[in-house]
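Q: I am new to this structure and would like to learn how to read it, one feature at a time. Could you take me through it?

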Amino acid sequence: MTETTAADARPSALFVCVHNAGRSQMAAGYLRHLSGGAVEVRSAGSMPAEQINPVAVEAMLEEGIDIRAEVPKVLTTEAVQASDVVITMGCGDACPIFPGKRYEDWALEDPAGQGIDSVRPIRDEIRRRVLVLLDELGVPAAG
């Protein structure tokens, strides 16, 4: 059995939605925050937007999580191959599938064009699902 460093042993997750501006960014923000760095986190979109959804940013700031510096990124085959778990959020057939990867699809309403009162329940559902994911990965939730 080979020795691995703590960094090598970290599980990794990729969140994918169409624009990588709302749902996947909020999920990535929660996973980074709640894992305390114990999980390698990526997010991407099949058709990335120009910028992150400002209402998603506002909703996450209410939780003490700052995702303002994040930018929508294009989904790459490499990102999928490098991740242990791939969680899609309505990107359909645009997401490449590789054998041996764990895939989940989180059916979540798209926060695009919605006000903060509509985005909060989506954010809260994402947080709930991220906590379940952490438990499944065997990573204790921080904070």
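Q: Which elements make up the secondary structure of the protein chain, and in what order do they run from the N terminus on?

A: Bear in mind that this is a predicted model. The secondary structure of the protein chain comes to five helices and four strands, and from the N terminus on these elements follow the order α-β-α-β-α-α-β-β-α.

Q: How many of the 143 residues of the protein chain count as buried?

A: A residue is called buried when its relative accessible area is under 20%, and 43% of the 143 residues in the protein chain count as such. A further view of the whole comes from contacts between residues at least 6 apart in sequence, of which 71% join residues at least 24 apart.

Q: At what angle do helix 2 and helix 5 pack?

A: The idea is to compare the directions of the two axes, and here helix 2 (23-35) and helix 5 (116-137) pack at an angle of about 45 degrees, with their axes 9 Å apart. Angles under 35 degrees count as roughly parallel and those from 65 to 115 as roughly perpendicular, so helix 2 is oblique to helix 5. The crossing of the two helices is right-handed. Helix 2 contributes Arg23, Met26, Ala27, Tyr30, Leu31, Leu34 and Ser35 to the contact, while the residues from helix 5 include Val119, Ile122, Arg123 and Ile126. By type, the residues of this contact divide into 12 nonpolar, one polar and three charged.

Q: Why can residues three or four places apart in an α-helix point the same way?

A: An α-helix has 3.6 residues a turn, so residues three or four places apart point the same way. With that in mind, one may look again at helix 2, where Met26, Tyr30 and Leu34 are among the residues in contact with helix 5.

Q: Is Met26 buried or exposed, and which residues is Met26 in contact with?

A: Met26, which lies in helix 2, counts as buried because its relative accessibility is 0%. Leaving aside neighbours within four places in sequence, Met26 is in contact with Ala56, Met60, Ile67, Pro111, Val119, Ile122, Arg123 and Ile126.

Q: Which residues of helix 3 are buried, and what covers them?

A: In helix 3, which spans residues 54-61, the buried residues are Val55, Ala56, Val57, Ala59 and Met60, and what covers them includes helix 2 and helix 5.

Q: What caps the N-terminal end of helix 3?

A: In a cap of this kind one looks for a side chain that reaches the backbone at the end of a helix, and here Asn53 has a side-chain oxygen 2.8 Å from the backbone nitrogen of Val55. Asn53 sits in the loop between strand 2 (40-45) and helix 3 and is buried, with a relative accessible area of 10%. Not counting residues up to four places away in sequence, Asn53 touches Ala21, Gly22, Pro111 and Ala112.

Q: Where is the place of Asn20, and what is near 50 degrees in this residue?

A: Asn20 is in the loop between strand 1 (12-17) and helix 2, and its phi is near 50 degrees, a positive value in a residue other than glycine. Asn20 counts as buried, at 0% relative accessibility, and its side chain reaches the backbone nitrogen of Lys73 at 2.7 Å.

Key. Residues numbered from 1 in each chain as written. Predicted model: local features only at pLDDT ≥ 70, side-chain atom pairs only at ≥ 80, totals over all residues. Heavy atoms only, no water. Buried < 20%, exposed > 50% of the residue type's maximum accessible area, 1.4 Å probe, protein only. Contact = heavy atoms within 4.5 Å. Polar contact = N/O pair within 3.5 Å; in protein donor to acceptor, adjacent residues only side chain to side chain. Axes fitted to C-alpha atoms, helices over the stretch in contact; angles between N-to-C directions. Parallel < 35°, antiparallel > 145°, perpendicular 65-115°, else oblique. Left-handed = near helix turned anticlockwise from the far one by under 90°. Nonpolar A, V, L, I, M, F, W, Y, C, P; charged D, E, K, R; others polar.
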